[in-house]
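Work through the exercises below with the structure in view. Try each task before reading its solution.

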Amino acid sequence: MRKYIYFDEISSTNDYIKENYNNLFDLDIVVAKHQTKGRGRLSRDWFDNSNSILLSMLIKPERDILIQLIPLVASAAVYKFLKKYVEDVKIKWPNDLLLNGKKIAGILVEAKYLTKLEYVVIGIGINLNDERFVSEIENKATSLFKVTKQKYDSTEMYEGLSDALRNEYMLFCNNQSDFLSVNRLNSAVINKDVLLEVDNKLKNVKVLDILDDGTILVNIDSQNKSFSSGEITLNKNYIEKE
Ligand code: BTN
C-alpha cells in the first residue's frame, strides 16, 4: 500500500479524491503542503499557511457502513494521534478537536451515493507549526507549536496520522474500535450547557450523551432529544486553561 500521495499545492485534498476516486483504492491517502481552496464544514473555507497537516483518506466500502459514525471514528483517530504529543485534547462533537479549549483540528466527511454508497472521504486539517492566526480566529484557534513551543516534521506527522486513521477505520470495520468511548470520555460537550443550532436558530441545551448511533442526546426545552447533526457553540467561559 502506498503511504500517501503528496502534493506541494492542490485545490483541496478532499476534492482531489472526489474527482479521482475511480482511479484510487480503498484507504488511499492524499496529503498536501498547501490548499488553494481548502473547505471546512457548513460550506466554510479552510485556510492554511503551509503549516498544517492537510490529509484526506478514501473509503470504498464493500458493504454498507453506518456513515454517521465515520466522523466519530475519525475524531477518535485524531484524538489518539494528538495525545502522543499533548495532554488536554478534547473532542467537540462531532468533528472538532480542541486543545486547551481552542480548535486545533477539524474533520470534513463527505460521501457519494449512486445506487449504493460509492465512497466516503475523510478530510482532516490539523494546525501544526502555525505561530499565529489571522485576527478573526486568533482567539479560537491553536496549533501544536503554540502549545508545545516545538516545531514538527511534517512527513513524520503525515505518516503518523495516516497510520492512526487507517488503523482506527480497520478496527471499526472489525467492530473492535473503542471510538465511541473515546468520544464520550474525552468530550468537550457532555454535561455542559451549550448552544446548539437547530433549524437556523440557536438553542440553549444541556448535552447528556453521545448515543451508539453517533447522535448527540441533549435536553432541549425540557425534553430529551437526539440530533444527528448540528453546530455546537461552547459557552464563552469554556476555556478552562490557557
Ligand atoms: C472543519 O473544521 O470545518 C473541517 C475542516 C477540514 C479541513 C480539511 S484539510 C484537508 C481536507 N481538504 C479540505 O478541503 N478540507 C479538509
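**Exercise 1.** Find the backbone oxygen that the side chain of Asn127 reaches, and place Asn127 in the fold.

Solution. Step one: the side chain of Asn127 lies 3.0 Å from the backbone oxygen of Thr142. A polar contact is a pair of N or O atoms within 3.5 Å; within protein, one must be able to donate a hydrogen and the other to accept it, and residues adjacent in sequence count only if both atoms are side-chain atoms. This is a predicted model, in which local features need pLDDT of at least 70, side-chain atom pairs count only at pLDDT 80 or more, and totals for chains, interfaces and linings use all residues. Residues are numbered from 1 along each chain as its sequence is written, and side-chain values use heavy atoms, with hydrogens and water left out.

Step two: Asn127 belongs to strand β7, residues 117–127. Strands are DSSP runs of E with at least two residues, numbered from the N terminus.

**Exercise 2.** Decide whether Asn127 is buried or exposed.

Solution. Step one: buried means under 20% relative accessible area, exposed over 50%, partly exposed in between (1.4 Å probe, protein chains only). Step two: Asn127 has 8% relative accessibility, so Asn127 counts as buried. Step three: leaving out residues up to four places away in sequence, Asn127 touches several residues, including Trp46, Phe133 and Leu144. Contact means heavy atoms within 4.5 Å.

How values were computed:
Helices (H or I, at least four residues) and strands (E, at least two) are DSSP runs, numbered from the N terminus.
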